[in-house]
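Please read the following report alongside the sequence and the model.

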Amino acid sequence: MAPLYNRRVLVLFTDFGNRDIYVGQVKAVLAARAPRVPLLDAAHDVIDFAVEPAAHLLAALAGEYPRGSVFLAVVDPGVGGRREAIVVDADGRSFVGPDNGLLSIVWQRARARRCQRIAWRPARLSDSFHGRDLFAPVAAALASGRVPRGWLAPTRAPAVLLDAGDHARVIYIDHYGNAVTGLRVRKLGRGSALRAGGRRIPHARIFEAVKTGEIFWYANSMGLAEIAANRASAARKLGLRVGSKVSAAGR
Amino acid sequence: MAPLYNRRVLVLFTDFGNRDIYVGQVKAVLAARAPRVPLLDAAHDVIDFAVEPAAHLLAALAGEYPRGSVFLAVVDPGVGGRREAIVVDADGRSFVGPDNGLLSIVWQRARARRCQRIAWRPARLSDSFHGRDLFAPVAAALASGRVPRGWLAPTRAPAVLLDAGDHARVIYIDHYGNAVTGLRVRKLGRGSALRAGGRRIPHARIFEAVKTGEIFWYANSMGLAEIAANRASAARKLGLRVGSKVSAAGR
Amino acid sequence: MAPLYNRRVLVLFTDFGNRDIYVGQVKAVLAARAPRVPLLDAAHDVIDFAVEPAAHLLAALAGEYPRGSVFLAVVDPGVGGRREAIVVDADGRSFVGPDNGLLSIVWQRARARRCQRIAWRPARLSDSFHGRDLFAPVAAALASGRVPRGWLAPTRAPAVLLDAGDHARVIYIDHYGNAVTGLRVRKLGRGSALRAGGRRIPHARIFEAVKTGEIFWYANSMGLAEIAANRASAARKLGLRVGSKVSAAGR
C-alpha cells in the first residue's frame, strides 16, 4: 500500500464495548469539540480490565493508523482512583489515556517521544467515566490543534512502565477464533514453530496452504505471530484465552 | 466538563442491534438527506421489545448529548400496526419515534416541550421498517432544519404515557455486567443501601473503594443508581436481568 | 420513501466482525484516501467463510443504498491464494471485492453492468488482509472519482458465477432470531406458505397479526421472504441456521 497520508483522525481504543452506551457519549463530546475530524473505532472489546495485553495490542495497531492520528486509549479499571492522566506523543501520533501502563509499550518503543501530564480538570468530572469527561475533551483539543494553555504539563515519562519486550501470551482473540500473540515476527523468524495449548504449531504463509481445520501460525498484518485454523476456530480447538502462554518451539 | 456546545447531531437509539443489517440502512437515508450532520449511535442493543426500560434509559441518556441533537428513537414491537408516529421537542432536543410510550418519560420530565404527530407518509412504506422509511426522513429533515410543510401536525401530548416516576427495576445491563437501574440518585440519597437479587447492596463512590469481586452501587455518570462489582459481573453474581426489581433498603 | 438522492457513499459489507480490530483499519485507509465520503456499515457479521448466502444478501441489500454507492465487499476465505480481485459496476453502484462468487449474484441480476479486474498491486500487500491493503484503496479511488491509470483492466465477467436464481435457504439470521431467506417475494406470491425446520409456516403481513410466540413469514423490507415469530426467536424455535433449507409449501 502507498503510505497513508498524514491526516488528523481521532481513533478510539477502549474496553467500553461495541454494544454498550458509552462509545456514543464519548463521540458526542468529540463531535461537538472537533467537528471536522473523522472518528474511527480501533477496538472497543479488548478484554475488560486487562491492561497488559491491551497495551501490546495498541502498540501493534497504532502503526496501522495515519501519522497525525490522536488516540483516545482507555482501559482503566482504576478510574476514579489515584492514577494520573497522560498524553504520550510517539513517532507522529498522540495517545491520551490513564497512566496505568496502557501507553507504556508505545512509549518505550518510540524513537521520537514526549510525555505530558493532564493538569486540567473539567467542571464536571464523574467518578466512573473519565473517558467522556476528561480524556475526550483533551483528545478533541489535540485533534483540532488548539490545546488551551495549562491543560498539559511536562513530565519525564509515564509512571507505570510494563515490560516492553515481546509478550509471550495471547493478547487478542478475534471473532473467527484467531489468537493474536504479543510475539513480533521479525524477532521470531518466519520458519520457526510455536507452542501453545500443549501443541506444536507449525508456520504457514496463508490459510489455503493448510487443510480445512488445520492449525498453524502466520505473520499477521500487524507484524505479530497469529495462531489460526483454516475455516475453524483455533482458540476453541486449543483452549486459548487472552493471557494464555505461547512460546517459540524452534524449527 | 465544560458544557457541550449547541450542535445539531443525529443520535440513533434503537433495538436494531449493532451487528445486524438495519442500522446501516437507516444511516444511508440520513447520510443522503442530511449530509453534513454527524451520525452518533447512542444504543442499538437495548433489550428487544421492552419499551418501558428503554424509555427510562433514553430519558437518562438524552442529557449526555448536545442541545440541538435530534434523536431517532425506535423500540417498536407494534410496527405496522395502529400506533401513531410522533415528534417530541423537550428542553432543546428533538425525538422522533413511535407513540408507544418510548418518548413519554422524556416528555413528562421536560420543562419546555411540544408534541407533534407525523402526518406525512412516504411513497414507499414497508410494514416492518418504519425506522428507515418513515422516522429517518423526518429526523433528517429536522436535523437539516428543513421540514416540508404538512409533514408534522400539532397534537396535545403523546397518547401513551408511562409512569414517569423513578423506575425501581434494572433498565440496562452493560457488557461488564453492571446493572443500571431506573432510580435517580438525587431522589435516593448517596449514602443509602439498595436491595436486589435478594441481597443488601451498600454504596461506594468508586470501584477501587471495594475489594475485587465485591458488589456495591454507585451514582453513575447519567445520575442513576448502578449496581456493580469490582472487576466482576454484578448481573451474573446477583442473577439480574433487565426488568429485575430493585428497592431502597435504607441506611 | 422518496427515492434516495444519487450520492457517493462508501458501504462496507464484510465478515470482519463488528467487535474486531479489522473494520477500523479499513476505515483508516478510506478516511485518509477519500476524506469527504461518508462511510456506512452494511454488515460485518454475515456468516464467516460462507460466500453463497453472503452473495444473496448483498444482492438484496444493495438496492437499499443510494445510487452512486461504492461497496467494499469482502467475504474472502481464499485471501492470499490465487483468486482474482475485481470491480463490478451494476445499475449505478460499484462493488469491489474478490472474484469468488461474492459479487456474482449482483452481476447476473444487473441490467447495466461492467466487470473489471484489479491490475494494481500495492507496495505493501499482506497475505491476510487484502480488504485493507488492496480493496480499500481501490474503493476509495472509485468513491473519490480518481482511479489512477492502469489500476483496472477490462474483463468479460466474474470468473466464478454462483446460481443467480432464488436461493431456497436461510441466508441471514438477525439478533431478534428472524431468518431471512434467499426467496424473493415477487416470485413467491404473498399468500403462499413456506416449509422450514419441518414445519409449515403461514404468511402474515405484520407481527401484530399473529399471537405472541407464533411463527409466520412476511415480505421483508428488502423484498425477501423472512421467517419470524411475534416477540420471540423463530430461528431458535425452528432450529434454523444460515444454510438451512426452505421451500414453498403452496397455499
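How many residues does the contact take from chain A and from chain C?

## Basis of the model

This is a predicted model, in which local features need pLDDT of at least 70 and side-chain atom pairs count only at pLDDT 80 or more, while totals for chains, interfaces and linings use all residues. Residues are numbered from 1 along each chain as its sequence is written, and chains are lettered from A and ligands numbered from 1 in the order in which they are written.

## Contacts between the chains

The contact takes 28 residues from chain A and 29 residues from chain C, where two residues are in contact if their C-beta atoms, placed from the backbone, lie within 7 Å. On the side of chain A that touches chain C, strand S2 (residues 39-43) of chain A gives the most, with four residues; helices (H or I, at least four residues) and strands (E, at least two) are DSSP runs, numbered from the N terminus. By class, this side of chain A has 16 nonpolar, four polar and eight charged residues, with Ala, Val, Leu, Ile, Met, Phe, Trp, Tyr, Cys and Pro counted as nonpolar, Asp, Glu, Lys and Arg as charged, and the others, Gly among them, as polar.

Towards chain B, 29 residues of chain A are in contact with 28 residues of chain B. Helix H1 (22-33) and helix H4 (130-144) of chain A are the elements that give two or more residues to the side of chain A that touches chain B, and the largest share, seven residues, comes from H1(A). By class, the side of chain A that touches chain B has 12 nonpolar, nine polar and eight charged residues.

## Relation of the copies

## Domains of chain A

Chain A is divided into domain 1 (10-155) and domain 2 (167-250), with bounds that come from an automatic or database domain assignment. Taken over C-alpha atoms, the centres of these two domains of chain A are separated by 29 Å. Nine residues of domain 1 of chain A are in contact with 10 residues of domain 2 of chain A, and the side of domain 1 that touches domain 2 has seven nonpolar, one polar and one charged residues.

## Strands of chain C

Strand S4 (residues 85-90) of chain C is mostly covered, with five of its six residues buried (a residue is buried if 20 or more other C-beta atoms lie within 10 Å of its own, C-beta atoms being placed from the backbone). S4(C) pairs in the antiparallel sense with strand S5 (residues 93-98) of chain C over six bridges, where two strands pair if DSSP finds at least two bridges between them; the bridge partner of C:Val88 in S5(C) is C:Phe95. S4(C) and S5(C) form a hairpin with two residues between them, and C:Asp91 in the turn has a positive phi of about 50 degrees. S4(C) also pairs in the antiparallel sense with strand S6 (residues 113-118) of chain C, over five bridges, and in S6(C) the bridge partner of C:Ala90 is C:Arg113.

Technical notes: Buried ≥ 20, exposed ≤ 12 C-beta atoms within 10 Å, placed from the backbone.
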